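Subject: Structure handover

Dear colleague,

Here is the structure I said I would pass on. My notes on it follow below.

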Amino acid sequence: MPSSPAPSSVPPRKAVTVVLDPGHNGGNAGRPGVINAPVPAGRGQTKPCNTTGTATGRGYPEHAFTWDVAQRTGALLSAQGVRVVYTRTDDSGVGPCVNERAAIGNRAGADAVVSIHADGSTAAGARGFHVAYSSPPLNAAQGEPSLELARALRSGMAAGGFPVSNYLGSDGLAPRNDLAGLNLSDRPAVLVECGNMRNAVDAALMSTVDGRQRYAAAVASAVISYLAHYAGF
């Protein structure tokens with residue numbers, strides 16, 4: 001009679017879902033009529049559907065950076081048993097609009113939503129990351145859960161060796177009331193500007209495979225830490 005396998009001593013992890021939102025899209029520049037159309041942005045405001053994003057001085061675009069980092073982050077999270085949902089499926093399409101990106105997270109019942117971006121400030125010496133969250137909050141998820149997610153991202157990025165922004169926010173955190181993806185979310189949600197693409201030092205790191213893997217590792221580590229502490233993962 002075959003023996004039964006010994007029961008595992010490690011309990012299965014709770015099922016969790018993370019939505020990764022890589023900013024912009026590769027086809028946006030070719031469809032200005034679509035991406036410039038106004039859509040709801042929360043707080044009674046409208047914003048353009050989407051934008052083209054920024055680029056490094058050498059022409060490496062934000063949409064390509066965010067897509068690659070999101071894919072790398074998702075692979076790391078999936079390896080830990082996290083269900084990962086992306087707001088776009090390639091880097092050659094158009095949109096989706098910012099309100100639809102928020103809706104994707106809401107429909108997924110996400111335990112965490114992380115929008116991945118890079119900034120384009122031309123201020124002299126401006127570099128470093130910052131994490132935005134909706135403030136003042138419009139619902140419970142935008143309150144303490146989103147603030148804790150923002151703090152986790154700040155800690156993860158700092159632990160990954162990335163400098164805190166020296167030009168925006170305070171100690172790496174930036175409360176915002178004008179970002180549609182955050183205003184319209186009813187899940188814990190943040191937006192991380194991984195660095196400034198117009199800064200030569202930040203841009204050099206963003207433009208390399210190793211650099212993008214470092215960003216992904218920092219984001220994934222932060223998300224896992226948040227899930228462990230606040231989502232029972």
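F162 counts as buried, with a relative accessibility of 5% (buried means under 20% relative accessible area, exposed over 50%, partly exposed in between, with a 1.4 Å probe and protein chains only). This is a predicted model, in which local features need pLDDT of at least 70 and side-chain atom pairs count only at pLDDT 80 or more, while totals for chains, interfaces and linings use all residues. Residues are numbered from 1 along each chain as its sequence is written, and side-chain values use heavy atoms, leaving out hydrogens and water.

The whole structure has 3 aromatic pairs (ring centres of Phe, Tyr or Trp, the last by its six-membered ring, within 6.5 Å; planes under 30 degrees apart are stacked, over 60 edge-to-face, the rest tilted). F65 and Y215 pair edge-to-face, at 5.5 Å centre to centre and 90° between the planes. F65 lies in helix α2 (residues 62–79) and Y215 in helix α7 (residues 209–230), 150 residues apart; helices are DSSP runs of H or I with at least four residues, strands runs of E with at least two, numbered from the N terminus. Both F65 and Y215 are buried. F162 and Y215 are stacked, with ring centres 4.2 Å apart and planes at 10°. Ring pairs join F65, F162 and Y215 into a cluster.

Elsewhere, T87 sits in the loop between β4 (83–86) and α3 and is buried at 6% relative accessibility. Its side chain makes a polar contact of 2.6 Å with that of D21 (N or O atoms within 3.5 Å, within protein one able to donate a hydrogen and the other to accept it; residues adjacent in sequence count only if both atoms are side-chain atoms).

Regards
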